[in-house]
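Please keep the sequence and the model in view while reading.

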Amino acid sequence: MASIVSRPAWHRFTAAQRIARFMIYLMIVGAIAAAAQTIEIIPEFLADAPEQIADLVARMWPIDWHAYPTAVHQALIETIHIAALGTLLALVLALPIGVLAAHNLVPLIPLNLLAKLILVSSRSVNSLVWALLFVGVFGPGALAGTLAIAFRSIGFVGKLFGEALEETQRGPIEALAATGAPWRSVLTFGYWPQVKPAFWSIALFRFDINVRESAVLGLVGAGGIGMSLDAALNLFQWGRVALILVAILIIVIITEVAVTQIRKRTL
């Protein structure tokens with residue numbers, strides 16, 4: 001009678017991998033438990049939250065549509081201007097920094113590190129913090145909001161543009177260099193045609209984000225519809241608050257649709 005040979009059981013993960021996964025899960029649970037204790041969740045407030053939300057919604061109804069021409073329209077237009085000018089300024093400032101961050105264009109490690117430091121510094125500071133800084137320098141208004149949007153966007157645009165430059169194909173660049181083309185021509189006819197779709201996609205995507213961010217910068221005095229929202233909240237004008245929130249939602253949706261259609265038709 002033939003003997004039955006036992007085969008080793010197959011496991012998806014080794015014992016060391018299972019232990020490592022268990023330790024990671026344990027660390028995540030521990031971090032969540034520590035965070036829950038740090039933020040000091042009050043159960044009474046959680047239980048009362050549905051009633052507070054219902055009361056707030058009741059105060060916001062009916063919506064004060066009559067206040068739009070005098071209190072909302074101009075602030076909404078200013079918000080769009082802040083987003084557009086901030087994005088344009090960010091593109092102008094981010095392009096040379098993105099070029100310096102691309103090692104294949106600028107093979108100098110100190111310059112690459114300096115450019116990446118600028119990009120990281122820009123992304124690490126929230127737009128509201130930038131707005132607070134510029135409000136302190138230039139005073140409240142749209143200028144502070146525009147600069148906050150621009151300086152916040154430099155890191156985003158420059159990083160993605162630099163990565164797009166580093167991913168370009170070497171063939172066209174080497175062909176232009178072999179013909180003796182100057183550096184400017186290599187950049188214009190070798191690199192730019194390859195990164196142009198990525199550049200416009202980044203620019204449109206960042207503008208879409210900036211419209212959302214510029215809507216709240218007014219809460220710290222940086223212009224736009226956020227200032228109208230802050231004034232309405234301070235005066236307990238809940239019908240006007242609802243109107244402003246609806247206006248922000250509509251302009252965000254319109255911007256999203258417009259950016260999507262432009263990308264489909266041009267890229």
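## Basis of the description

Helices (H or I, at least four residues) and strands (E, at least two) are taken as DSSP runs and are numbered from the N terminus. The model is a predicted one, in which local features need pLDDT of at least 70 and side-chain atom pairs count only at pLDDT 80 or more, while totals for chains, interfaces and linings use all residues. Residues are numbered from 1 along each chain as its sequence is written, and side-chain values use heavy atoms, with hydrogens and water left out.

## Gly86 in helix α3

Gly86 is found in helix α3, which covers residues 68–101. Gly86 has a relative accessible area of 0% and is therefore buried (buried means under 20% relative accessible area, exposed over 50%, and partly exposed in between, with a 1.4 Å probe and protein chains only). With residues up to four places away in sequence not counted, Gly86 touches His81, Thr146, Ile149 and Ala150, where contact means heavy atoms within 4.5 Å.

## Helix α3 against helix α8

Helix α3 and α8 pack with their axes 9 Å apart and at an angle of about 140°; axes here are lines fitted to C-alpha atoms, for helices over the stretch in contact, and angles run from 0 to 180 degrees between N-to-C directions. That angle makes α3 oblique to α8, since angles under 35 degrees count as roughly parallel, over 145 as roughly antiparallel, 65 to 115 as roughly perpendicular and the rest as oblique. The crossing of α3 past α8 is right-handed (a crossing is left-handed if the near helix is turned anticlockwise from the far one by less than a right angle, and right-handed if clockwise).

On the α3 side the contact is made by Thr79, Ile82, Ala83, Ala84, Thr87, Leu91 and Leu95, and on the α8 side by Phe199, Ala203, Arg206, Phe207, Asn210, Val211, Ser214 and Ala215. By class, these residues comprise ten nonpolar, four polar and one charged, where Ala, Val, Leu, Ile, Met, Phe, Trp, Tyr, Cys and Pro count as nonpolar, Asp, Glu, Lys and Arg as charged, and the others, Gly among them, as polar.

## Helix α7 against helix α8

The axes of helix α7 (residues 170–178) and helix α8 (residues 183–217) come within 9 Å and cross at roughly 165°, which means that α7 is roughly antiparallel to α8. This crossing, too, is described as right-handed.

From α7, the residues Arg170, Pro172, Ile173, Leu176 and Ala177 take part, and from α8 they meet Ser185, Val186, Phe189, Gly190, Tyr191 and Gln194. The contact of α7 with α8 divides into seven nonpolar, three polar and one charged residues.

## Helix α5 against helix α8, and Ser127

α5 and α8 pack with their axes 10 Å apart at an angle of about 50°, so that α5 is oblique to α8, and their crossing is right-handed. The contact is formed by Ser127, Leu128 and Ala131 of α5 together with Glu213, Val216 and Leu217 of α8, and by class it has four nonpolar, one polar and one charged residues.

Ser127 lies in helix α5, which spans residues 127–138, and Ser127 counts as buried because its relative accessibility is 4%. Its side chain makes a polar contact with the side chain of Glu213 at 3.5 Å (a polar contact is a pair of N or O atoms within 3.5 Å; within protein, one must be able to donate a hydrogen and the other to accept it, and residues adjacent in sequence count only if both atoms are side-chain atoms). Leaving aside neighbours within four places in sequence, Ser127 is in contact with Ala148, Arg152, Glu213 and Leu217.

Phe156 is placed in helix α6 (residues 142–166) and, at 19% relative accessibility, counts as buried. Residues up to four places away in sequence not being counted, Phe156 touches Arg123, Ile202, Phe205, Arg206 and Ile209.

Ala247, in helix α10 (residues 238–266), is buried with a relative accessible area of 8%, and, apart from neighbours within four places in sequence, is in contact with Val72, Leu76 and Ile225. Val57, found in helix α2 (residues 43–60), is exposed, with a relative accessible area of 52%; the C-alpha atoms of Val57 and Ala242, 185 residues apart along the chain, are separated by 8.7 Å.
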